[in-house]
Amino acid sequence: MKILVTGGAGYIGSHVVLELLDQGYEVVVLDDLSMGAKENVDDRAAFILGSILSRADNEIALKGVDAVIHMAAFKAAGESVENPEKYTRNNVDGTLTLLNTMVDLGIHKFVFSSSAAVYGEPQYLPIDEKHPVNPINPYGETKLKIEYQLEKEFISKGICFATLRYFNAAGYDINGRVRIPENEPNNLLPVVMEAANGSRNMIEIFGDDYETRDGTGVRDYIHVTDLAKAHILAVHYLRSHPSFTVNLGSDVGYSVTEILDTARKITEKPIPANISARRAGDPPKLVASSEKAKSLLGWKAEHSDLETLISTMWDIYRPAEALV
Ligand SMILES: NC(=O)c1ccc[n+]([C@@H]2O[C@H](COP(=O)([O-])OP(=O)(O)OC[C@H]3O[C@@H](n4cnc5c(N)ncnc54)[C@H](O)[C@@H]3O)[C@@H](O)[C@H]2O)c1
């Protein structure tokens, strides 16, 4: 089977590409390198420099393809509040261009990188797929719009889709094959790594008075290799089953303090941290239920314990002198 991975030079995409290649799939990557790094795309994959916004680029990339894993998007929730048009154009218009080109070329299998951001403020925990959707930023809205369009428009056009709602992706390839760190990271773990390797002075802890184990916010972190494996299972499932939507999380929550303590132990660096006020819209706790992915796909998170998440990241982020 030949698979197109859009955004395959990105953080998660480059891991999905590796997993596909390791399992014997033929892979083509379409990426405009607005965020990703060409060096992270394994040589065994064909690489096309281009944008999902261009019908012509999509047509070239889709040649001979059996299924599409669509990861190309902008993902910075904060930036999406300042510049919502940028997010609508890339994430919504780009995806619709890609989907319409697929329909015209008779390619029907589509795996979509959605996000836990579609849920907004949690009304109960753990969050399962029946939880109401109510995104609190334009980034989450772009993901929800595509989910709606898939249901409303593209099922009737023959598209068979897997919507994968990821929680917080973290970690790096356990064999160390993805070498370039994320561009302008926003998630906590890469920021902690940058504070450990000295490329940032300290980390801010936004609130230590939540009703959680130690007062700091609790989130669900899922290792990218676990995420990548779920994509291959989703492609496989779509060959003989209808469209579906699942959460992908570890179903375990780690607090900011737990992450810092483990990171300090693994990196042997002080990692200075400053407590500041809570941020608006940050819930105390966000944890997934991935029971549906487990029962539908036979998937489970295997590398998402805190030690593996942090040690595989430190392999990438540690300063060169720490390697000798
Ligand atoms: N990282 C997370 O924790 C997380 C959580 C939930 C959902 N997601 C989603 O997963 C997907 C991948 O995220 P990531 O963390 O790897 O982000 P990333 O920024 O590292 O990767 C996205 C890739 O898409 C490319 N891209 C962006 N716009 C493009 C366009 N118009 N045409 C072609 N390529 C384009 C970028 O150059 C980049 O390589 C995104 O859709 C994101 O919204 C990520």
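All the views below come from a predicted model.

View 1. Of the 29 residues around the ligand, the ones that come nearest are Ile12, Asp31, Lys75, Asn90 and Tyr139.

View 2. Strand 5 gives the most to the shell, with 3 residues.

View 3. Zoom in on Gly36 and you'll find one of its polar backbone atoms 3.1 Å from an oxygen atom of the ligand. Met71 also uses its backbone here, with a polar atom 2.9 Å from a ligand oxygen. Lys143 brings in its side chain instead, where an N or O atom sits 2.9 Å from an oxygen atom of the ligand. As for how much of the ligand is covered, it exposes 820 Å² when taken alone, and the protein buries 97% of that.

**View 4. Helix 6 against helix 8.** Two packed helices are described by the angle between their axes and the distance between the axes. Here helix 6 (residues 188-197) packs on helix 8 (residues 256-267) at about 40°, and their axes are 11 Å apart. Helix 6 and helix 8 are therefore oblique to each other. As helix 6 passes helix 8, the crossing is right-handed.

**View 5. Helix 6 against helix 10.** Stay with helix 6 and bring in helix 10 (residues 306-317): the packing angle is about 50°, with the axes 10 Å apart. That makes helix 6 oblique to helix 10. This crossing, of helix 6 and helix 10, is right-handed.

**View 6. A cis peptide bond at Pro126.** Leu125 and Pro126 are joined by a cis peptide bond, and its omega is about -10°. To find Pro126, look in the loop between strand 5 and helix 5.

**View 7. Positive phi at Glu184.** Glu184 isn't a glycine, yet its phi is positive, near 45°. You'll spot Glu184 in the loop between strand 7 and helix 6.

Key:
Residues are numbered from 1 along each chain as its sequence is written. This is a predicted model: local features need pLDDT of at least 70, side-chain atom pairs count only at pLDDT 80 or more; totals for chains, interfaces and linings use all residues. Side-chain values use heavy atoms; hydrogens and water are left out. A residue is near a molecule or strand if one of its heavy atoms lies within 4 Å of it. A polar contact is a pair of N or O atoms within 3.5 Å; within protein, one must be able to donate a hydrogen and the other to accept it, and residues adjacent in sequence count only if both atoms are side-chain atoms. Accessible areas come from the Shrake-Rupley method with a 1.4 Å probe; for residues, only the protein chains shown count as cover. Helices (H or I, at least four residues) and strands (E, at least two) are DSSP runs, numbered from the N terminus. Axes are lines fitted to C-alpha atoms, for helices over the stretch in contact, and angles run from 0 to 180 degrees between N-to-C directions. Angles under 35 degrees count as roughly parallel, over 145 as roughly antiparallel, 65 to 115 as roughly perpendicular and the rest as oblique. A crossing is left-handed if the near helix is turned anticlockwise from the far one by less than a right angle, and right-handed if clockwise.
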